[in-house]
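Here are a few exercises to work through with the model on your screen. Try each task before you read its solution.

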Amino acid sequence: MSVMKSLNDLLPEECARRLAERLKMLRLDAGFKRATLALRAGVTEASLKRFERTGQASLELLLRTAFALG
C-alpha cells in the first residue's frame, strides 16, 4: 500500500498545499529568492508568499510561476 495519496484521495485544499510545497521546492532548487521569482513571473512577492504558505493563489499566479521556473 502506497504512503502517497493519489490526487483523487485529496481534498482540494490539500492538493493546493502540495502544489505550493512543490513550487517552493522548485524555486529553492533553482536558487531563486521569492522576490526574484515574483519579478520573473510578473506577480507580487506578497501573493507568491501567500501561495507558498497557504496554497491559495489564482490560476494565473500558478501558471506564471510555473512558466518562470521552466
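**Exercise 1. Work out how helices H1 and H4 pack: at what angle, and how far apart are their axes?**

Step 1. Find the two helices: H1 covers residues 12-29 and H4 covers residues 59-69. Helices here are DSSP runs of H or I with at least four residues, numbered from the N terminus. Keep in mind that this is a predicted model, where local features need pLDDT of at least 70, side-chain atom pairs count only at pLDDT 80 or more, and totals for chains, interfaces and linings use all residues. Residues are numbered from 1 along each chain as its sequence is written, and side-chain values use heavy atoms, with hydrogens and water left out.

Step 2. Compare the axes, which are lines fitted to C-alpha atoms over the stretch in contact, with angles running from 0 to 180 degrees between N-to-C directions. The angle is about 30°, and the axes lie 10 Å apart.

Step 3. Name the arrangement. Angles under 35 degrees count as roughly parallel, so H1 and H4 are roughly parallel to each other.

**Exercise 2. Find out which residues make the contact between H1 and H4, and sort them by class.**

Step 1. Contact means heavy atoms within 4.5 Å. H1 brings Leu19, Leu23, Leu26 and Arg27, while H4 brings Leu62, Thr65, Ala66 and Leu69.

Step 2. Sort them: the contact has 6 nonpolar, 1 polar and 1 charged residues.

**Exercise 3. Is Arg64 buried or exposed, or something in between?**

Step 1. Locate Arg64: you'll find it in helix H4.

Step 2. Check its relative accessibility, which is 37%. Buried means under 20% relative accessible area and exposed means over 50%, with partly exposed in between (1.4 Å probe, protein chains only). Arg64 therefore counts as partly exposed.

Step 3. Look for its partners. Setting aside neighbours within four places in sequence, Arg64 touches Ala41, Gly42 and Val43.

**Exercise 4. Step back: how many helices and strands does the chain have?**

Step 1. Count 4 helices and 0 strands.

Step 2. Of the 70 residues, 24% count as buried.

Notes: Angles under 35 degrees count as roughly parallel, over 145 as roughly antiparallel, 65 to 115 as roughly perpendicular and the rest as oblique. Ala, Val, Leu, Ile, Met, Phe, Trp, Tyr, Cys and Pro count as nonpolar, Asp, Glu, Lys and Arg as charged, and the others, Gly among them, as polar.
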